[in-house]
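Work through the following exercises with the sequence and the coordinates open beside you. Each task is followed by a solution that goes step by step.

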Amino acid sequence: MNELRQQMFVVESHGSEVSIIFLSNAAKNLSYTARMNSNDSSQWSSFWRQGFITTFGASKPNNYDGVVQEFWFQQFAELPNGGRILHIATGNGAIATLAADFSHQFAKNIVITATDLAEINDDISHGSKTLEVRDSIRFLSHTPCEQQPFEDNSFDLVTSQFGFEYSDIELTLRELRRVLVAGGKFSAISHHEDSGLIMASRSELEVYKSALDELGLFGLFRKYLAVAGDLTGSQQQFAEAIERARQHSRKINEAVELFRRRHPKDICATQIVNAISHLARNARNTEHKTLLAETRAAEQDFSFARLRLRDMVEAS
């Protein structure tokens, strides 16, 4: 609870002025720099295409609850009937969905709009009740925090969770001040740089660095495929190709074993090893071209995961 409270803060708009109100005594360092390349959100679009509703993926499949839900319900309760909410950096709309659920429960008739730089996925893995309330939300993809396509004074409340800090914060606050009505409010929850989640993410980035850069596990497997897929020519050439394939196979096994020793019992490391093992098991029964495409796809998935972690750590 204490750590979460340190991450929550509210911005209120009084006419043309914006002030930041912290909900605890913890200081929050807001660095006014562009956090994420506004021209490329592929790593996030890839994540949201998997159908998750929260940034915690399969570990929290049924939206946020507990103190997080309590915080947001407190914000929504302050709105008048028919109040207007804009949720920025919405992802797949977790907080917008909480707002829709709150509005449905308490007959508030809240008008909800949600935007994100990435591609928002309408097909989330969730219950029918949630999907029903989501029908009332207006979603807009490819919309950066700093450039909201709405008229001045359009919203009573703007919200963000683990999102706006990825943007150019100074430009975003200026834009939110523009779209908020006089006396409107911006409420947000952001990652704290010393939170357990961010510290764990820093450790996980080291795992990705080891697998993708230092050891180049997927690169080694691609080299093996290149050799194994070239078993043509004379009998001597065939024998030489077989020997090269064996050498590359040994290199892969040695690199994977070293990777395991570096990161014993690490969940992320286990996932990477399992991915390599899965590709290796399919090598005999899968067409070379297909297996190469699967290898590249797996490597890209882990590369995107690293980019998302890097975004989060740099934004904290």
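Helices (H or I, at least four residues) and strands (E, at least two) are DSSP runs, numbered from the N terminus. This is a predicted model, in which local features need pLDDT of at least 70 and side-chain atom pairs count only at pLDDT 80 or more, while totals for chains, interfaces and linings use all residues. Residues are numbered from 1 along each chain as its sequence is written, and side-chain values use heavy atoms, with hydrogens and water left out.

**Exercise 1. Locate C145 and describe its surroundings.**

Step 1: C145 sits in the loop between strand 5 (137–140) and strand 6.
Step 2: Its relative accessibility is 9%, and C145 therefore counts as buried (under 20% relative accessible area, with exposed over 50% and partly exposed in between, for a 1.4 Å probe and protein chains only).
Step 3: Leaving aside neighbours within four places in sequence, C145 is in contact (heavy atoms within 4.5 Å) with I88, A89, F164, S167, T172 and E175.
Step 4: H87 lies 58 residues from C145 along the chain, and the C-alpha atoms of the two are separated by 9.7 Å.

**Exercise 2. Determine how the buried residues of helix 6 are arranged around its axis.**

Step 1: In helix 6 (residues 169–179), the buried residues are I169, T172, L173, E175, L176 and V179.
Step 2: These residues cover an arc (taken from the directions from the helix axis to the C-beta atoms) of only 160°, which puts them on the same side of helix 6.
Step 3: Among the elements that cover them are strand 3 (84–87), strand 6 (155–161) and strand 7 (180–189).

**Exercise 3. Characterise the packing of helix 8 against helix 10.**

Step 1: The two axes, which are lines fitted to C-alpha atoms over the stretch in contact, come within 11 Å and cross at roughly 10°, on a scale from 0 to 180 degrees between N-to-C directions.
Step 2: Because angles under 35 degrees count as roughly parallel, helix 8 is roughly parallel to helix 10.
Step 3: Helix 8 contributes L217, F218 and F221 to the contact, and helix 10 contributes I272, A275, I276, L279 and A280.
Step 4: By class, the contact residues divide into 8 nonpolar (Ala, Val, Leu, Ile, Met, Phe, Trp, Tyr, Cys and Pro), no polar and no charged (Asp, Glu, Lys and Arg), where the others, Gly among them, count as polar.

Technical notes
Angles under 35 degrees count as roughly parallel, over 145 as roughly antiparallel, 65 to 115 as roughly perpendicular and the rest as oblique.
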